[in-house]
Amino acid sequence: MHNRFNLKAWLLLLPALSFLIAFTHWPTLKSIWRSFTWARSDVAPSQFVGLENYQLLLDDPVFWKVFENNFWYAVGTVPTSIALAIMMALWVNSKIRGTSLLRLAFFTPTILPMITVANIWLFFYSPQIGLFNQLLALVGIEGPNWLGDPDLALSSLMVMTVWKEAGFFMIFYLAALQTLSPELYAAAKLEGASAWRIFRKITFPLLMPTTLFVLINAILNAFKLVDHLFILTKGGPNNESNLLLYYIYETAFSFLDSYYAATLTVVMLATLAVIALVQMLLLDRKIHYR
Amino acid sequence: MKILSKYLTTVGVASILGLSTAASAATDLTMYYPVAVGGSLTKIVDGMVDKFEAENPDININAIYAGNYNDARVKALAALQSGSPAQLSVMFSIDIHELRNLEAIVAFDDLVSTDEERQWLNSFYPALMENGKADGKTWGVPFQRSTIVMYYNKDMFRAAGLDPEMPPTSWEEFVSMGKKLTKKGANGTVDQWGAMIPSTGYPYWMFGALTKQNSEVLMNQEGTETYFDKPGVVEALEYWQDLGNKHGIMPKGMIEWGTLRQNFLDQTTAIMWHSTGNLTTVKNKANFDFGVAKLPGNKELGSPTGGGNFYIFEKSSAEEKKAALKFVKFMTSAEQAAHWSKSTGYMGVGPSAYETETLKTYLKTFPPAAVARDQLTHATAELATHEAGRVRKYLDDAIQAALTGQSSAEDALTGAQKQAERILRRYK
């Protein structure tokens, strides 16, 4: 009986499992293997080169640059978009008029494809004809070259990313807020707790499972989402806004070096795995699940 | 969709008539092509493909728009590696060395058989063939080809007291006229720039123009050597830097390729350097009087050619290659090349295109359309080397580092040259 049940379970899992293996696990293993090999071109036979590709990677200044950029990109976008998402969720969860319109407004950036958003923001950021600088010009300030200034390019990308992501995370927080028991709040009011204290002692702790979920997703996105780079900066000027995944794309498809691209991919996978593990181990204990 | 419905009709009619063999006798070709300047170029390609299919009912062309030049190459190569390959594609003219290293393409010399076909292969402007030849053979046939031209706002020239029929022809004039054309507003901010040269997207291409104007080239024909650190090349980059930093006729830092045309149309700059591929769009959208001229020169005039060539893939049957050749011949024939040039602004690929009624009448009413062709006598090849993507990026990064003031022109270019040499050593 038990065995037959197991077989049935496996059969039911089979479709999903075969897709996972074919499109996730097998390519991952292949990338790892590929990162230890090299060939002159895609038609030449490849040979095992040990750690040579990783040695190259350590000596590659562009790799270090994009890795550093990606770190700052995550630091710059993740906490901000989570904080914004919580604020927006609290706001549209309150009993004021027109909240559904507000919800829609906050959610709109999420509906738009990243490529579309980037194309729109390309014109927002444009130094002479762009929206931002025209607004600044109204108050007599000469706006900067948002995407063309090495000191600003990455930050400009971050601002757009936060705008794009916060609405998406808001939906998760909104859903979580609506499951919170009103009795807790009634009790807190009886005790005369301040709004800030209610948020800090009740709302925020109860939202922690959502925060963990959102945090993992936000960090993954900081590494995964590079669509906008294709439109906005192509990683420039001089790699100042280049990110790891975009560099992998360049290496694989512009430089046609699938071996070095595989090496970079392995580094990225390892980084993400470590981050996810740390998050789960550290935060999971502190989270209150019901 | 159109192709699918056409196919279904063919199959339907054939099966009704019991002519199943008739359908299988048709040759199906898949082709990828890029569009780098935006606009409704896909419709124009589709129209030309439809015309070819109407004339050749036994050949079906599945033309797939594949993004920019990089995307088109990625998709065509991915298709080649998978089971459903393409038989031909329009790709970057400068992909030639890498496509050959991958053994992906065949030489047209090995495909042409009749005298008429050999003559056709010799009918293109020689400057456009430079990026298509290697080892004495022709691997790419020119199709959507361009040079960089100078678009300028004649109204602004008049307002600044300049002769609108006398655009700058030398580097000095470019600076002196640029200064007159740069206008500051009441609060000291610049409302109107003298000129803009885009430095994102394809910076190495713009730089190819400046170096040629300084009588230098960026690489050898074999694509095994680069000359980024030659004094003349460094000087060209310093001139580019000076336009923004010293002379103040151009915004400092990066100038975005993608929005530059809109800048010109919104009249925030009097002059822009851009691909001829923009010409028809600028003509349709500009609500001011504009002109098009050859780029100014220093030691000589110059611009690199640019754009896409037709390639035929090795992995296809003899019959498919024959059909592909027929299609390429059709697309580059005088009539079609003239139609393509008129609709887009890309140049007619051979002298015969300019002898057609279509282009003759068009040039009479709109002389700027001839500038790209006239500039061909001063043209040089676009940067094309082995491992082109990497080498190009080294140069792009160096240019951007210099223009944003992160390093001097000389340091940046010396660095790029060293990196390029390291990569290219293997190919000598």
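Mentor: Happy to! Let's call two residues in contact if their C-beta atoms, placed from the backbone, lie within 7 Å. Keep in mind that this is a predicted model, where local features need pLDDT of at least 70, side-chain atom pairs count only at pLDDT 80 or more, and totals for chains, interfaces and linings use all residues. Residues are numbered from 1 along each chain as its sequence is written, while chains are lettered from A and ligands numbered from 1 in the order in which they are written.

(Helices, H or I of at least four residues, and strands, E of at least two, are DSSP runs numbered from the N terminus.) If we set aside neighbours within four places in sequence, B:I148 touches B:M206, B:A209, B:W273, B:H274, B:S275, B:L295 and B:S303. B:I148 counts as buried because it has 26 C-beta neighbours inside 10 Å; the cut-off for buried is 20 or more other C-beta atoms within 10 Å, with 12 or fewer meaning exposed and anything in between partly exposed, again with C-beta atoms placed from the backbone. B:M347 is 199 residues away from B:I148 in sequence, yet their C-alpha atoms are 11 Å apart in space.

Now zoom out to the domains, whose bounds come from an automatic or database assignment. Domain 1 of chain B covers 2-146 + 306-370, and domain 2 covers 147-305 + 380-427. Their C-alpha centres lie 30 Å apart, and the contact between them draws 25 residues from domain 1 and 22 residues from domain 2. On the domain 1 side, α5 (96-101), α7 (126-129), β6 (141-153) and α15 (334-344) of chain B each supply at least two residues.

With α16 (residues 357-365) of chain B, the axes are 8 Å apart at an angle of about 30°, taking axes as lines fitted to C-alpha atoms over the stretch in contact and angles from 0 to 180 degrees between N-to-C directions. α15(B) and α16(B) are therefore roughly parallel; under 35 degrees counts as roughly parallel, over 145 as roughly antiparallel, 65 to 115 as roughly perpendicular and the rest as oblique. Here B:A338, B:H339, B:S341 and B:K342 of α15(B) meet B:T358, B:L359 and B:Y362 of α16(B), a set with three nonpolar, three polar and one charged residues.

The axis of α3 (residues 41-55) of chain B comes within 11 Å of that of α15(B), crossing at roughly 165°, so α3(B) is roughly antiparallel to α15(B). B:L41, B:I44 and B:M48 of α3(B) meet B:Q336, B:W340, B:S343 and B:T344 of α15(B). That contact has four nonpolar, three polar and no charged residues.

Note on methods
Ala, Val, Leu, Ile, Met, Phe, Trp, Tyr, Cys and Pro count as nonpolar, Asp, Glu, Lys and Arg as charged, and the others, Gly among them, as polar.
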